[in-house]
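Please look over the sequence and the model before reading on.

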Amino acid sequence: MAEILVGVTGGIAAYKTAIIVSQLRQMEHGVSVVMTESATELVGKSTFEALSGRPVRTAFFGSDRIHVHIDLARESDLFCIAPATANILSKAANGIADDLLSTLILSFDKPVLFAPAMNPSMWNKPVIQNNVQKLIEFGATIIYPEFGRTSCGEVGVGRMAAPESIIKEIEKKISPKK
Ligand SMILES: Cc1cc2nc3c(=O)[nH]c(=O)nc-3n(C[C@H](O)[C@H](O)[C@H](O)COP(=O)(O)O)c2cc1C
């Protein structure tokens, strides 16, 4: 069984990440959740605490652990950021580390997976596509968003991949190579 770090950023698809955390726990993986401040506006920390059985961290200062931005990276086998906002993709592609979640991405040296989710116009912006390409070049895996109706009513590519597809990608990365 693996130790999985789940990063939740401020996209409306954050509620679907609760399903991912629940299923990973049912598969007997250890799951730690880190949320951005924006994510906590969309889904409560308590939901992820109940599903993971662990405290949810949002900040380094005032945390129960002094080097939480290093410890969680060392202790985890894989980092999956779902949903990944336009903001976190852009910060990660440029080495910006101005909160716990973005700092963990920088200190993480095992597989990092991003499941972007955003409005189709945001997803199609050249700056976002450029940042996605950069992340791939830096070794990250992108679980591409799907076509459909987004919560803002627009139809296009931008919906977060289905929880089952994200879990499948996680499993691929953590299962020993045959
Ligand atoms: C209701 C609501 C839904 C949002 N959904 C998304 C989204 O799906 N994708 C996205 O990139 N930004 C979305 N945003 C905007 C982000 O929350 C905002 O860019 C924020 O700065 C992201 O911060 P974070 O990356 O630190 O979580 C949404 C904002 C609101 C108010």
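Ile4 stands opposite Leu78 in strand E3. The model is a predicted one, in which local features need pLDDT of at least 70 and side-chain atom pairs count only at pLDDT 80 or more, while totals for chains, interfaces and linings use all residues. Residues are numbered from 1 along each chain as its sequence is written. Helices (H or I, at least four residues) and strands (E, at least two) are DSSP runs, numbered from the N terminus.

Strands of a sheet pair through backbone hydrogen bonds, either parallel or antiparallel. Here 5 strands form an open sheet with parallel pairing, in the order E2-E1-E3-E4-E5. Its edge strands are E2 and E5 (141-142), each of which pairs on one side only.

E1 pairs with E2 (residues 30-35) in the parallel sense over 6 bridges, and Glu3 faces Gly30 in E2. Together with helix H1 (residues 14-26), E1 and E2 make a right-handed β-α-β unit; right-handed means that, with the strands pointing away from the viewer, the path from the first strand over the helix to the second runs clockwise.

A residue counts as buried if 20 or more other C-beta atoms, placed from the backbone, lie within 10 Å of its own, as exposed if 12 or fewer do, and as partly exposed in between. The peptide bond from Ala82 to Pro83 is cis, with omega near -10°.

In soluble globular proteins, nonpolar side chains tend to be buried together. A nonpolar core is a set of buried Ala, Val, Leu, Ile, Met, Phe, Trp, Tyr and Cys residues joined through C-beta atoms within 7 Å. The largest one in this model has 49 residues, and those with the most contacts inside it are Val6, Cys80 and Ala115. E3 gives the most to this core, with 6 residues. Leaving aside neighbours within four places in sequence, Cys80 is in contact (C-beta atoms, placed from the backbone, within 7 Å) with Ile4, Val6, Leu113, Ile166 and Ile170.

## Around the ligand

The ligand has 16 residues around it, of which Gly10, Gly11, Thr36, Thr85 and Asn87 come nearest. A residue is near a molecule if its C-beta atom, placed from the backbone, lies within 6 Å of it. The elements that give two or more residues to this shell are helix H2 (37-42) and helix H5 (86-93), and H5 gives the most, with 3 residues.

By class, the shell has 9 nonpolar, 7 polar and no charged residues. For this count, Ala, Val, Leu, Ile, Met, Phe, Trp, Tyr, Cys and Pro are nonpolar, Asp, Glu, Lys and Arg are charged, and the others, Gly among them, are polar.

## Exposed and partly exposed positions

Met1 lies in the segment before E1 and counts as exposed because it has 10 C-beta neighbours inside 10 Å. Although Met1 and Glu28 are 27 residues apart along the chain, their C-alpha atoms are separated by 6.4 Å. Beyond residues up to four places away in sequence, Met1 touches Glu28, His29 and Gly30.

Glu28 lies in the loop between H1 and E2, and is exposed because 8 other C-beta atoms lie within 10 Å. Most residues other than glycine have a negative phi, and most peptide bonds are trans. Glu28 has a positive phi of about 70° although it is not a glycine. Glu49, in helix H3 (residues 45-52), is partly exposed, with 13 other C-beta atoms within 10 Å.

Notes: Two strands pair if DSSP finds at least two bridges between them. Two residues are in contact if their C-beta atoms, placed from the backbone, lie within 7 Å.
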